[in-house]
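Colleague: Let us go through this model together. I will ask, and you answer briefly.

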Amino acid sequence: MKKYFVLLGSLVVFACAPAQKEKPKPAEVPKSVPQAKVEEKRHTFEDDIKQDEGQKLCSNPQGTVSADMVEKFFQEQKRLIKYPPDGKLVGDWKKGEQLFSNPRKGNCYACHCADPKELACGNIGPVLRHYGQRQHDVKYTYEKIYNSWAYVPCSIMYRAGVHDILTPQEIADIVAYLHSPESPVNK
Amino acid sequence: MRKLWLLPLVLGAVGGVTLYALAQQENPAEEVKRQKEMLLKEMGILPGDVYAEQGRDMFNKPMGTQGKSCASCHGQDGRYLRGAYAHMPRYYKDMDSVADLDSRIKYCMEKYMGVKDVKHDINFKSIATYVATLSNGMKMDVKLDNPKEKEMYQKGRELWYARVGKMDFSCAVCHDTFGGYRIRLQTLAKVKEDKVSTHWPAYRFSNDQLWTMEDRIRGCYNQIRVTPPPHFSWATVALSLYMAYESNGGIIETPGFVR
């Protein structure tokens with residue numbers, strides 16, 4: 001039912017949008033602020049395809065690094081990992097559930113199936129059903145989500161923490177979603 | 001008006017059923033076939049072919065300040081353009097650069113017809129689609145004879161393998177390594193194996209739009225959260241050339257019909 005309210009809410013917003021346009025309030029909005037925002041957002045394609053060291057190493061038809069470089073590659077990638085300030089690697093699984101499915105945040109269902117109720121899940125990554133019963137170390141799970149390249153060189157799995165797509169706290173929440181016995185993943 | 005609250009409920013229900021139906025569909029090729037048959041049954045013609053017909057009209061119609069149509073140079077119904085698309089993108093002497101289908105049409109419209117501010121709109125895409133259909137049934141045969149073609153191909157190849165942006169994706173990880181797998185319920189195209197350049201421009205039934213290869217490339221970059229390269233830019237030409245060359249030997253069949 002909550003979903004429908006959200007939908008209804010968004011409809012209301014859409015319905016109100018033209019009405020707002022007709023009545024601009026120039027006095028209240030300082031002009032420099034929105035302009036600055038637009039400037040900030042204006043990336044170009046050339047900006048966005050600039051690569052970091054790891055990306056450069058992975059950009060080859062083999063899709064990986066040579067065997068003699070793997071060890072060094074792992075070390076470099078491990079160094080990029082940061083942990084939550086309170087040191088807790090397991091957060092709130094309910095928050096994790098939201099982040100896991102949110103296309104603007106984790107978007108994990110794009111590649112992984114986990115909760116059997118989620119039918120629209122991809123098949124690129126391994127199925128995470130009953131992940132919590134697989135005896136994985138929570139530190140491993142955290143680090144894997146933060147920087148998958150610290151475990152599989154040039155993995156297709158994006159480096160959520162390295163690129164600030166998820167904060168350390170948010171990653172901890174997803175760790176909880178995967179490990180908690182209460183989570184639908186493990187039910 | 002009072003029943004407006006019902007709308008989200010109905011939308012939700014329809015969405016849910018569609019999602020469920022999609023999840024049950026094991027074979028995406030079957031789904032495409034079914035959609036195609038359904039549209040043909042309902043309308044007697046595919047939307048892509050309607051656009052191509054519209055493109056034919058535009059092709060024969062004078063535009064711009066020079067009072068010329070595409071047909072003024074390329075013959076009524078483009079008879080001198082038969083097979084042109086099979087060798088595109090390629091180097092053009094008058095431009096002194098490599099152009100894909102879209103960039104070439106833009107150049108012609110501006111330089112020879114005097115059209116100002118050529119936009120990549122539905123009329124433009126219809127013309128592009130029509131020009132592509134003039135090579136239907138022929139083999140894709142892109143050559144890299146000119147040094148600029150080789151250079152552009154090399155740039156396209158680099159872009160193809162470049163892991164970029166916040167998602168660390170490259171074209172290759174999705175369309176080589178994981179081609180045939182699913183992102184959510186969307187199956188990723190096996191770009192080289194299936195020689196996809198042979199069926200673009202294409203009509204996409206999932207969002208009822210006609211797309212050229214440039215739109216497809218921009219769409220992909222948008223999805224991996226990289227600012228898409230502008231239309232008619234070096235990046236779209238380079239990737240188009242790379243994919244077209246990799247599609248050599250495939251039979252051209254445009255407009256494609258895709259999800």
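Colleague: Which residues in α3(B) meet which residues in α6(B)?

Modeller: This is a predicted model, where local features need pLDDT of at least 70, side-chain atom pairs count only at pLDDT 80 or more, and totals for chains, interfaces and linings use all residues. Residues are numbered from 1 along each chain as written, chains are lettered from A and ligands numbered from 1 in the order written, and side-chain values use heavy atoms, without hydrogens and water. Helices are DSSP runs of H or I with at least four residues, strands are runs of E with at least two, and both are numbered from the N terminus. With contact taken as heavy atoms within 4.5 Å, Y51(B), A52(B), Q54(B), G55(B), R56(B), M58(B) and F59(B) of α3(B) meet I122(B), N123(B), S126(B), I127(B), T129(B), Y130(B), V131(B) and T133(B) of α6(B).

Colleague: At what angle do helix α3 and helix α6 of chain B pack?

Modeller: Axes are lines fitted to C-alpha atoms, for helices over the stretch in contact, and angles run from 0 to 180 degrees between N-to-C directions. Angles under 35 degrees count as roughly parallel, over 145 as roughly antiparallel, 65 to 115 as roughly perpendicular and the rest as oblique. α3(B) and α6(B) are therefore roughly perpendicular. Their axes are 7 Å apart, and the angle is about 95°.

Colleague: How do the residues of the contact of α7(B) with α10(B) divide by class?

Modeller: Helix α7 (residues 147–161) and helix α10 (residues 234–246) of chain B pack at about 95°, axes 7 Å apart. That makes α7(B) roughly perpendicular to α10(B). Ala, Val, Leu, Ile, Met, Phe, Trp, Tyr, Cys and Pro count as nonpolar, Asp, Glu, Lys and Arg as charged, and the others, Gly among them, as polar. The division is 14 nonpolar, one polar and four charged.

Colleague: Which three residues supply 20% of the area that chain A buries against chain B?

Modeller: In all, 40 residues of chain A are in contact with 35 residues of chain B. Buried area is the accessible area (1.4 Å probe) that two parts lose on being put together, summed over both. Here that is about 3,300 Å², 62% of it on carbon and sulfur atoms. The three that give more than any other three are F45(A), I124(A) and I156(A).

Colleague: Which residue of chain A meets R184(B) in a salt bridge?

Modeller: A salt bridge is a side-chain nitrogen of Lys or Arg within 4 Å of a carboxyl oxygen of Asp or Glu. By that rule, two salt bridges cross the interface of chain A and chain B. At 3.8 Å, N to O, the partner of R184(B) is E118(A).

Colleague: How many residues apart are K105(A) and E170(A)?

Modeller: The two form a salt bridge, with the closest N and O atoms 3.2 Å apart. K105(A) is in the loop between α6 and α7 of chain A, and E170(A) is in helix α8. The pair links distant parts of the chain, 65 residues apart.

Colleague: Which residue does a cis peptide bond join to T254(B)?

Modeller: Most peptide bonds are trans. The bond from M88(B) to P89(B) is cis, with omega near 0°, and P89(B) is in the loop between α4 and β1 of chain B. For T254(B), omega is about -10°.
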